[in-house]
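Please review the briefing below alongside the sequence and the model. The points are grouped by topic.

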Amino acid sequence: MIKKGLAVIGYGGMGGGFHCKKALASDVVELLGVFDTDPEKLKKAEGDGIHAYKSLDELLSDERVEIVTVAIPNDFHKDTVIRCLNAGKNVICEKPVALCLADLNEMIAASEKAGKLFTVHQNRRWDTDMLRIKALYEKGELGRISVIESRVHGSRGIPSDWRKTKEHGGGMVYDWGVHLIDQALCVIPDSPVVSVYCNLDYMTTSEVDDGCHITLVFENGVRYFVEIATSNFIALPRFYMTGMFGSAIIESWEQPMKVTVLKKADENDATPIRAESGLTKTMAPRDETTTYSYEVPMPKSDVHDFYRNFCRAVDGKETQTVTHAQMRRVISVIEAAFESARTGEAVKRII
Ligand code: NAD
């Protein structure tokens, strides 16, 4: 495939540190240059050997640019994406694609009018922890699933840049929540969400949330719990899933998934154990006579496939991996989560 010309808007952590680096090593795109509103960032780009456009107009009038990646603070996504689409570019926007569904709908309408592709960089669809949970869920080995828990726990508070401000679309729901919600809808793509309940944390912030606890109830009965925390000094496991016949756990990034499955349901096997100040048979742990256990190592996964797919989609050879319907679903869940946090009630809505 002939490499497609790519320009990146925003030469910060994600634009410079991720997209440009990936593009320089890419087999499908050629990095033609970057634009940033901060002149210091443009100087840095040039120092790094990357062409710096003097203005957004100059970038957009470069006919060699087929794809633009937008990696700037969240509140600027909508206007910048629409400008790029109107200039005839295919657009990849960083997450969260928009701050509300109405904005996203305007962006989608602009892409349809321009006849250009538009997607969001949901790179965490390539995370192997989620991919292993999804594969096990699809395999059905654990029987009917009751609960999936997906967490990221840190202890450093929210970064003290634009992410700490409401004006720029800061907060952990937009920052990490959007990833874990997108993953939830990937794990269970075929059952609608029927209820969203959310609590927000303000441990180190007052303007925007620095953590959240969101419970999604799917129509098929699965309760999917998403938790982002930035003041947790002992982290809970990254993933936990449990069903009628077994449970799975992934302790942390880059750990194997541990799975324990029921072999034989023999109610009489339990001998009471001492539990603190009492005895229990109900909570007595199982051993290898009634269960088997195994580990699933990290599979191969290549986030470059995001750009490979988008380039093939631009050529009309594939459908874009992250579709408009999926983008709308994620933002709808986020809207319901904020509504729930505001009202203190679960939002019963089919999403
Ligand atoms: P950052 O602050 O490090 O960089 C943002 C850059 O954009 C800065 O250099 C700033 O000068 C520039 N900028 C601001 N407004 C601009 C505008 N209107 N036009 C051009 N340049 C502008 O922020 P970041 O961490 O790189 O985040 C950027 C985006 O990437 C956000 O939407 C964020 O949510 C997303 N992000 C995604 C991931 C991921 O894993 N997908 C990870 C981090 C950040």
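## Structural briefing

Six bridges join strand 12 (residues 257-262) to strand 15, and the two run antiparallel. This is a predicted model in which local features need pLDDT of at least 70 and side-chain atom pairs count only at pLDDT 80 or more, whereas totals for chains, interfaces and linings use all residues. Residues are numbered from 1 along each chain as its sequence is written, and side-chain values use heavy atoms, with hydrogens and water left out. Helices (H or I, at least four residues) and strands (E, at least two) are DSSP runs numbered from the N terminus, and two strands pair if DSSP finds at least two bridges between them.

- An open sheet of nine strands has the order 15-12-11-10-6-9-8-7-16, with mixed pairing.
- Its edges are strand 15 (291-296) and strand 16 (347-348), each of which pairs on one side only.
- Within the pair formed by strands 12 and 15, Val261 stands opposite Tyr292.
- Helix 7 (residues 172-187) packs on this sheet and touches strands 6, 7, 8, 9 and 10; its direction makes about 155° with that of strand 9.
- Helix 9 (residues 324-343) also packs on the sheet, touching strands 7, 8 and 16, and its direction makes about 55° with that of strand 7.
- For these angles, axes are lines fitted to C-alpha atoms, for helices over the stretch in contact, and values run from 0 to 180 degrees between N-to-C directions.

- Five strands form an open sheet in the order 2-1-3-4-5, with parallel pairing.
- Strand 2 (29-35) and strand 5 each have a single partner strand, so one side of each is left without a neighbour in the sheet.
- Neighbouring strands here are turned by 25° against each other on average, direction ignored.
- Strand 4 is joined to strand 5 by three bridges, and Ile92 stands opposite Thr119 in strand 5.

**Helix 4 and His77**

- Seven of the ten residues of helix 4 (residues 77-86) are buried (under 20% relative accessible area; exposed means over 50%, partly exposed in between, with a 1.4 Å probe and protein chains only).
- The elements covering these buried residues include strand 1 (4-9), helix 3 (56-60), strand 3 (65-70) and helix 5 (101-114).
- His77, in helix 4, has a relative accessible area of 0% and is therefore buried.
- Beyond its neighbours within four places in sequence, His77 is in contact with residues including Glu94, Lys95, Pro96 and Met107, contact meaning heavy atoms within 4.5 Å.

**Largest pocket**

- A pocket is an open set of points on a 1 Å grid over the protein atoms alone, where a 1.4 Å probe fits, with protein on both sides within 12 Å along at least five of seven lines; lining residues have an atom within 4 Å of a point.
- The largest pocket has a volume of about 1100 Å³, this being the space filled by probe spheres set on the points.
- Of its 46 lining residues, the closest to the centre are Gly13, Met14, Ala71, Glu94 and Arg163.
- Helix 4 gives the largest share of the lining, four residues.

**Backbone geometry**

- Most residues other than glycine have a negative phi, and most peptide bonds are trans.
- Lys95 and Pro96 are joined by a cis peptide bond, with omega about -10°; Pro96 is in the loop between strand 4 and helix 5.
- Glu254, not a glycine, has a positive phi of about 70° and is exposed, with a relative accessible area of 64%.
- Glu276 has a positive phi near 50° and is exposed at 77% relative accessibility.
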